[in-house]
Each structure stands twice: as C-alpha cells, then as structure tokens.
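Subject: Structure handover and notes

Dear colleague,

I am passing on the structure below, together with some notes on what was found in it. Please read them with the model open beside you.

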Amino acid sequence: MISASRGALAALSVVAALAIPAAANAHRQWMLPSATVLSGNDPWVTVDAAVSNDLFYFDHVPMRLDGIEVIAPDGSKGQIKNGATGKYRSTFDVQLDKPGTYKIVNAGGGLMAFYKQGGENKRWRGSADQLATAIPKDAADVRLVENDRRAEIFVTRGAPTKEALKITGKGLELEPVTHPNDLVASEPATFKLLLDGKPAADVEVEVIRGDGRYRADKSEQKLKTDATGAFTVKWPEAGMYWLEASARGGAGSVPGSQRNAGYVTTLEVLPD
C-alpha cells in the first residue's frame with residue numbers, strides 16, 4: 001500500500017504546479033538573471049530562481065539547484081558557482097569565461113499516478129521502471145501523467161552566438177528565430193516551439209511583463225503557435241518578460257499515460 005506523507009504531498013503539489021499552465025495555477029517557476037548582455041574580460045551573472053505567485057517576487061518556494069545545467073558558447077558544459085538555497089529562493093553565479101551566448105537550463109520530469117484505494121484518493125510519483133511495483137493491485141481509476149518540464153535563460157558575453165541554442169530533441173523546447181539576447185522594444189521577436197524535436201503546432205503561449213505586483217497593467221499576452229511551431233511577440237515596452245508554454249494531452253512513452261510538457265523562460269527586452 002502506498003500512502004503519501006504530508007511532506008511528500010507538499011512536494012508533489014510543487015511538481016504539479018510546474019507541469020501545468022500558469023492560467024490554471026498561481027504558482028510560476030522562473031529564473032531571473034542580473035543581466036543578459038554583458039561585456040568585459042571577466043563578466044559574471046547572478047541568477048535568482050524560485051516558484052512564486054507574483055513574478056520575480058519571492059513568496060512561495062525556492063527552485064532546487066541540483067538540476068541546473070550551464071551550456072557554454074562552444075557547447076561544452078559550464079558550472080554554477082556560489083549556489084545557495086533559502087526559504088523562498090535559490091541563487092547562484094555563472095562566470096562567463098568564454099565570449100558568446102550561454103544557456104542555463106533546469107530540466108526534468110517524472111511519472112505521476114493518481115488512483116483510488118479503499119475509497120481514498122492516492123497519488124504517487126517516481127520513474128517508469130518503478131511503476132510496476134508502486135501501484136497496489138487493488139487500485140482503481142488509475143490515471144498516469146508523464147511530465148516533462150524545462151526552464152531556461154540565455155546570457156551573452158559580447159556578440160550573440162548560436163551553438164548553445166541547439167535543441168536536445170526531448171520535451172518542449174524553444175528554437176529562436178530572433179536571438180533571445182537581441183530583443184528591443186520596437187522590434188517584434190519570432191520564436192519556434194518544438195516538441196521532441198518536431199514543430200509544436202497550436203500550443204498556447206503566455207507572455208507576461210515582470211514586476212506586475214507593482215503595476216495595475218500586467219501586460220499579459222496570449223499567443224498560439226502556427227503549423228510550424230512559430231509565434232511572434234510584440235513588446236509593449238522594455239523590461240523583463242516571463243514566457244510560458246504548455247503542451248498537454250498527448251500520449252506519453254508509458255502505455256496509458258498522458259503527456260504534459262512545459263517550457264518557461266525569462267527574456268530581457270532592452271529600450272530602443
């Protein structure tokens with residue numbers, strides 16, 4: 001018999017929040033860099049990472065750092081430094097020791113099962129190879145959800161480059177048409193979403209200007225990808241923007257499971 005403790009249920013609720021659209025849940029995950037375009041011989045960027053109700057405001061839980069990956073401009077793996085996790089946020093530094101564009105990623109996933117046993121609602125989270133022994137034989141109304149999530153940001157030292165922007169072909173990913181570190185308020189930007197390396201058509205995209213806690217106008221945009229997975233964003237003003245997309249309802253790799261794939265990024269739009 002599988003029974004979740006209160007602590008486990010709290011962790012599961014956070015995982016579920018990261019896997020569903022922001023419109024349906026107030027908790028949003030994000031990474032916020034101190035800058036996205038830097039120069040000089042030894043630039044560094046500091047990143048805040050959290051899950052919160054208000055964007056870029058620490059009020060819920062920190063993002064864990066064990067899944068953070070740094071991809072350097074030449075495609076090699078970098079590293080985070082000075083990582084720390086507090087009550088409401090995590091923070092870390094990245095040294096930009098090579099010229100060009102870096103991608104900082106927090107990607108992960110897992111399998112969740114929802115079922116009834118003895119009239120009680122139960123849930124479990126783990127890997128596919130644990131499933132056979134994890135669900136009780138007398139479980140009823142079993143529903144499986146396979147979650148893939150990806151949060152990433154982009155920072156550039158000097159001139160923008162493209163090597164680090166290459167997709168992995170797994171989950172929901174952003175393929176820039178407009179370079180993510182070459183955004184200005186007067187120019188629309190075009191991106192593509194790919195699901196497992198293929199165009200993700202008819203995917204809903206939400207774009208929100210940050211610091212909405214202090215503004216009546218949230219500057220929210222609801223967009224949708226076309227048949228090629230492309231969409232275009234018009235920036236109302238300069239600032240930090242949070243972009244979220246979600247592809248839900250497809251079949252997962254585990255028989256009988258539903259696939260949910262989510263993507264989140266933070267983009268800096270500079271003044272004209």
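This is a predicted model: local features need pLDDT of at least 70, side-chain atom pairs count only at pLDDT 80 or more; totals for chains, interfaces and linings use all residues.

The structure holds 4 aromatic pairs, and one of them is formed by F191 and F231, whose rings are tilted, with 5.8 Å centre to centre and 45 degrees between the planes. Because F191 lies in strand β12 (residues 189–195) and F231 in strand β16 (residues 230–233), the pair ties together parts that are 40 residues apart in sequence. Both F191 and F231 are buried. Elsewhere, the ring of F114 has the charged end of R143 sitting over it, 4.6 Å from the ring centre.

The strands around β12

The two strands that carry this pair, β12 and β16, are themselves paired in the antiparallel sense over 4 bridges, and A189 has V233 in β16 as its bridge partner. Strand β12 also runs antiparallel to β11, to which 5 bridges join it, with P176 standing opposite F191. Of the 5 residues of β11 (residues 172–176), 4 are buried, so this strand is largely enclosed by the rest of the structure. A further antiparallel partner of β12 is strand β13 (residues 198–199), joined to it by 2 bridges, and here L194 has P199 as its bridge partner. Strands β12 and β13 form a hairpin with 2 residues between them, and D196 in the turn has a positive phi of about 55 degrees.

In soluble globular proteins, nonpolar side chains tend to be buried together. In this model the largest nonpolar core has 28 residues, of which M31, F92 and I104 touch the most other members. Several strands each supply at least two residues of this core, among them β1 (28–33), β7 (90–95), β8 (100–117) and β17 (239–251), while the largest share, 4 residues, comes from β3. There is also a second, separate core of 24 residues, which includes A185, A189, A245 and A261.

Two individual positions

V205 is found in strand β14 (residues 204–209), and because its relative accessibility is 2%, it counts as buried. Leaving aside neighbours within four places in sequence, V205 is in contact with residues including L193, K222, F231, L243 and A245. V205 and A238, which are 33 residues apart in sequence, lie 19 Å apart in space, C-alpha to C-alpha.

A140, in strand β10, has a relative accessibility of 34%, so this residue counts as partly exposed. Not counting residues up to four places away in sequence, A140 touches Y115 and K116. Between A140 and K222 there are 38 Å in space, C-alpha to C-alpha, and the two are 82 residues apart in sequence.

With best regards

Technical notes: Residues are numbered from 1 along each chain as its sequence is written. Side-chain values use heavy atoms; hydrogens and water are left out. Rings of Phe, Tyr and Trp (its six-membered ring) pair if their centres lie within 6.5 Å; planes under 30 degrees apart count as stacked, over 60 as edge-to-face and the rest as tilted. Buried means under 20% relative accessible area, exposed over 50%, partly exposed in between (1.4 Å probe, protein chains only). A charge sits over a ring if NZ of Lys or CZ of Arg is within 6 Å of the ring centre and within 35 degrees of the ring normal. A nonpolar core is a set of buried Ala, Val, Leu, Ile, Met, Phe, Trp, Tyr and Cys residues joined through side-chain atoms within 4.5 Å. Contact means heavy atoms within 4.5 Å. Two strands pair if DSSP finds at least two bridges between them.
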